[in-house]
Amino acid sequence: MNAPDTSPVAAADAAGDNRHYLRALTDMADRRNVVTQEAVYTERGMKLLDKGVRVDSRLYDRLVMHKLRGKIEEHLSMEDMVSVQSLVQVASAQCESDTLAYLLVHTLEGMTADRLLAPLRSMLLPSAVAFKLTVMREQHPALFAHSVRMMLVAVYLATKSGWTERECVPLAAAALLHDVGVMHMDPVWHDPANKVTGAGRKQLLVHPVMAMLIIREQSIYPRSVEQAVLEHHECMDGSGYPRGLRGEEISPMGQVLLLSEVVAAFFEKYAKEAAAQRLTLMLKLNHRKFPAEFVAHILPVLQIRTLQSDVPVTQEDVERTVELLSSAFDDWAKQCADLPPQALQHPPEQAAALVAQRLAALQKTLFEAGSHPRQLAEVLQHLQGDEEGMVELALLGREALWQLQSIVDFIHGRWPQLQGGTDAGDVAVAQWRDACAARLEAISSSCGHIVAGPDLEDAAVLE
């Protein structure tokens, strides 16, 4: 079996020939005065729109039917576009009102936002990029806020690590633009009620490639910005995407972005649900996934008392977590018992071998953290009446469930067509995946707060 195609061609295909972005753009133009600043031609030289034409959603069908000469945003103008000055204003407001950004500022020497904002003031922002960010601001405001927040986290981590203001300028650009590819994805990704699985996850896997290509087209940003944007969903242990890089194969700027993405996403999804505690546990349990140097700078921020929250938990919640984890591991052991040994020893292009590898790594991590289901069950017996201990145990269990969910999602994304195959390993994986997914769905339905942590594979589209 082949890994997902994350080539530039695949990225362009997954973008749907810009149809989702064009829909957002033309819908925005219904409310805002968007005008062609020059005539718009197709790639074959046919004029589509004259100069000075007002754009709105009625033009969507005409625009989406043709490949344009140049990018659409290069031909358009509007008032109140995103600018460096307006970005500084948004970031400054976050530093005052956003919990995470406020804490970042006040754990810097001097406790001033200027150190986080200075690189932004020097950032290059050509009109085409400014227009694209304006579409994001108007049509996907949560994604826009996420991009600014992630930029502040990234600059904070770099500053604490001794990077100069000049070194942080391209980092600020990479963080701000890392999710421009998301605007080319199907809008279903912006609906948290929809869980996209199977072939539908292809867009997710290639959105960093799409963002990288958009940045490359500008021809003004350093190559390091392109590379970092491409790497913002990689992991230090090789479990990320789109290329599965490991350790030092990921650029320093890419390492900052991959951690900043997760930090920002946790505080967005769990703003009132113990974000700091959950994130602390996740980082400790997944220490192989994240760069230790930068994690060391964020952990002290998470220990500040004002960030701590009460976590609703019952003993029944923990017991259900233990039962589900135990069932998942036991079921896989039963599936493996019927497989020939070579099915689990081949390179990870085969589903069974990779799932065996992922589950073994997960069990090892859980044992090291004291959150393997056997350990949780044993500790649970001694925590009657210990509310604080029960909360910690619940968070450990929820984090373990989230990691299990991420393996299920990974299988859906990489091998969407396993069901109905003839390979014994594929059949075993499909049966285990479906049974595990059903249990996770059931436990989330009955206790929606149990599964903790945004999926690292789709943190970019939590909004």
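Biologist: Leaving aside its neighbours within four places in sequence, which residues is Phe131 in contact with?

Modeller: In this predicted model, Phe131 touches Tyr21, Leu25, Met28, Val34, Glu73, Leu76, Met78 and Met81. Contact here means heavy atoms within 4.5 Å, so each of those residues has to meet that cut-off.

Biologist: What makes the set of 106 residues a nonpolar core?

Modeller: A core's members must be buried, under 20% relative accessible area, and joined through side-chain atoms within 4.5 Å. The largest such set has 106 residues, with Leu87, Leu125, Phe131, Met151, Leu279 and Leu283 having the most contacts inside it. Helix H8 (residues 141–160) gives the largest share, 12 residues. At least three residues come from each of domain 1 (8–78) and domain 2 (84–307).

Biologist: And what else is there besides that core?

Modeller: A second, separate core of 37 residues, with Leu339, Ala394, Ala400 and Val408 among them.

Biologist: How do you know that E1 and E4 pair?

Modeller: Pairing takes at least two bridges. E1 (residues 34–36) and E4 have 2 and run antiparallel, so they count as paired. Val35 sits opposite Arg54 of E4.

Biologist: Why are E4 and E5 called edge strands?

Modeller: The open sheet has 3 strands in the order E4-E1-E5, with antiparallel pairing. Strand E4 (54–55) and strand E5 (76–77) each have a single partner strand, so one side of each lacks a neighbour in the sheet.

Biologist: How much of the protein is buried?

Modeller: Buried residues are 56% of the 463. The protein exposes about 19900 Å², with 49% of it from carbon and sulfur atoms.

Note on methods: Residues are numbered from 1 along each chain as its sequence is written. This is a predicted model: local features need pLDDT of at least 70, side-chain atom pairs count only at pLDDT 80 or more; totals for chains, interfaces and linings use all residues. Side-chain values use heavy atoms; hydrogens and water are left out. Buried means under 20% relative accessible area, exposed over 50%, partly exposed in between (1.4 Å probe, protein chains only). Helices (H or I, at least four residues) and strands (E, at least two) are DSSP runs, numbered from the N terminus. Domain bounds come from an automatic or database domain assignment. Accessible areas come from the Shrake-Rupley method with a 1.4 Å probe; for residues, only the protein chains shown count as cover.
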